[in-house]
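My plan is to look things up one at a time and write down what I find.

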Amino acid sequence: MRSASLLLLVFLGLLLSARPAEAQIIIDHTCTDLSKVPDEHVLAAKQQFRLAYGHTSHGSQIVSGMSLLRAQSGSIYTYSTSGDGGALSLHDRTPSGDLGHNGDLAWERATRALLDRADNDRNMVMWSWCGGCSDNTVEGIQTYLDAMDALERDYPEVRFVYMTGHLDGSGIEGTLHQRNEQIRQFCRTHGKVLFDFADIESYDPDGNYFLDRHANDNCDYIGSDGQRHNWAQEWCARNPGQCGDCSCAHSQCLNCQQKGKAFWWMMARLAGWTGPGGTTAGDRRPSASASRLDVYPSPASAQVTIALVQSSTPGGTLLVSDVTGRIVAQRRLDGAQPRMTLSTAALPVGLYMARLLGPGGITAARFVVVR
């Protein structure tokens, strides 16, 4: 009886500390127009998050772009180590290093050491690659993805940001692109936050695509004449006054500028902004107008009822999954059938997620199965 009570307390703790389920947040070349980002969500992000960012030279491109924005007169895009004065608290190059190469988990051990410290105050962690995607394997990338996923389970109060590797000139047929696609697919399938480093440097600000022209991290590409050109230099020449002046490791300042803007777009999304025009089919998040799910009883021993409390949306598909993402039940909920009763007798003890996927976004609720 004592062990059962202890188990119940453990699962209740997980229930209370875990974040609501969210769809993927993919930050790519379409996420660089900060005029679309509400100031209040940027300000909220600065107050909500305390970021540890581990990187080497290529990863510094994001911070270089952030520094350009911070330097603008009256800028709200402020950051510092301490976070004083309403700035985002950024511990840059902390922990040290990057995501390494094929199957290297030094970064993962450093992350756990940081988060396990008694004085740790970081609630957001981001790591970048250097050259580690270009020479990686399917198994090596899966090791990275599995380690990130485990960190998210073990530290549910911390936001973790996945990342693709920088361009290397190998084009869409190269190993780099294949491994980046592996990362992207995992993030889309499992609802992760992805800073798509490679996608951002595959396009100029007008949306012209250069990966299929063997673009590299310096923004060089092969033109129709078979010669090397540079899309960043060309764009800046066509748009005088639109490009900053900065030192951008391995690249052009415009590349850093775009990544700095994309970073703040990401922060606003993490702080609750749904993006331009609200939610979309490809990137949906819970919204205030979505229907609500009531789950009772929780903890549940014999059965649980999941009920749709109707708001402005017409319902949707209800999915119930365990902590591994395995779907254990599925049903359509709407005004005619607003609830589902699920027997929990055959379900293992543990934490479960109910998600309603509807036109208004994703609504989520958790429950615990006990014996």
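First, a definition: helices (H or I, at least four residues) and strands (E, at least two) are DSSP runs, numbered from the N terminus. With that in hand, I looked up D196. I found D196 in the loop between β7 (193–195) and α7 (197–200).

Two notes on the source before I go on. This is a predicted model, where local features need pLDDT of at least 70 and side-chain atom pairs count only at pLDDT 80 or more, while totals for chains, interfaces and linings use all residues. Residues are numbered from 1 along each chain as its sequence is written, and side-chain values use heavy atoms, with hydrogens and water left out.

**Entry: D196, continued**

Is D196 buried or exposed? I use buried for under 20% relative accessible area, exposed for over 50%, and partly exposed for in between (1.4 Å probe, protein chains only). D196 has 3% relative accessibility, so D196 counts as buried. Next I asked what D196 is in contact with, leaving aside its neighbours within four places in sequence. Contact means heavy atoms within 4.5 Å. The list is I27, D28, T164 and R184.

**Entry: the whole chain**

I then stepped back to the protein chain. Its secondary structure comes to 9 helices and 16 strands. The chain has 371 residues, and buried residues make up 51% of them.

**Entry: disulfides**

How many disulfides are there? The rule I apply is a pair of cysteine sulfur atoms within 2.5 Å. By this rule the count comes to 3 disulfides. I took each in turn.

- C236 is joined to C243, S to S 2.0 Å. The angle about the S-S bond is -100°, and the link is left-handed. C236 is partly exposed at 23%, and C243 is partly exposed at 25%.
- C246 and C253 form a disulfide with their sulfur atoms 2.2 Å apart. Here I read 120° about the S-S bond, a right-handed link. C246 is partly exposed, with a relative accessible area of 23%, whereas C253 is buried at 11%.
- C248 and C256 form a disulfide with their sulfur atoms 1.9 Å apart. This link is right-handed, with 90° about the S-S bond. Both C248 and C256 are buried.

What pattern do the disulfides follow, with bonded cysteines counted along the chain? I noted 1-2, 3-5, 4-6. C187 is buried, with a relative accessible area of 0%.

I recalled a general point here. Strands of a sheet pair through backbone hydrogen bonds, either parallel or antiparallel. For the count of pairs, two strands pair if DSSP finds at least two bridges between them.

The sheet I picked is open, has 3 strands in the order β10-β11-β14, and pairs in the antiparallel sense. Which strands stand at the edges? They are β10 (292–296) and β14 (339–343). Each has a single partner strand, so one side of each is left without a neighbour in the sheet. The twist averages 15° from one strand to the next.

β10 and strand β11 (residues 303–309) pair over 5 bridges. R292 has V309 in β11 as its bridge partner. β11 and β14 also pair over 5 bridges. I306 has M340 in β14 as its bridge partner.

M340 came up again when I followed the side chains along β14, which alternate. M340 and L342 point to one face and are buried.

**Entry: two helices**

Last, I looked at helix α4 (residues 106–115) and helix α5 (residues 138–154). Their axes come within 10 Å and cross at roughly 10°. Axes are lines fitted to C-alpha atoms, for helices over the stretch in contact, and angles run from 0 to 180 degrees between N-to-C directions. Angles under 35 degrees count as roughly parallel, over 145 as roughly antiparallel, 65 to 115 as roughly perpendicular and the rest as oblique. α4 and α5 are therefore roughly parallel to each other.

Which residues meet? From α4 I listed W107, E108, T111 and R112. From α5 I listed Y144, A147, M148, A150, L151 and D154. The residues of this contact divide into 6 nonpolar, 1 polar and 3 charged. My classes are Ala, Val, Leu, Ile, Met, Phe, Trp, Tyr, Cys and Pro as nonpolar, Asp, Glu, Lys and Arg as charged, and the others, Gly among them, as polar.
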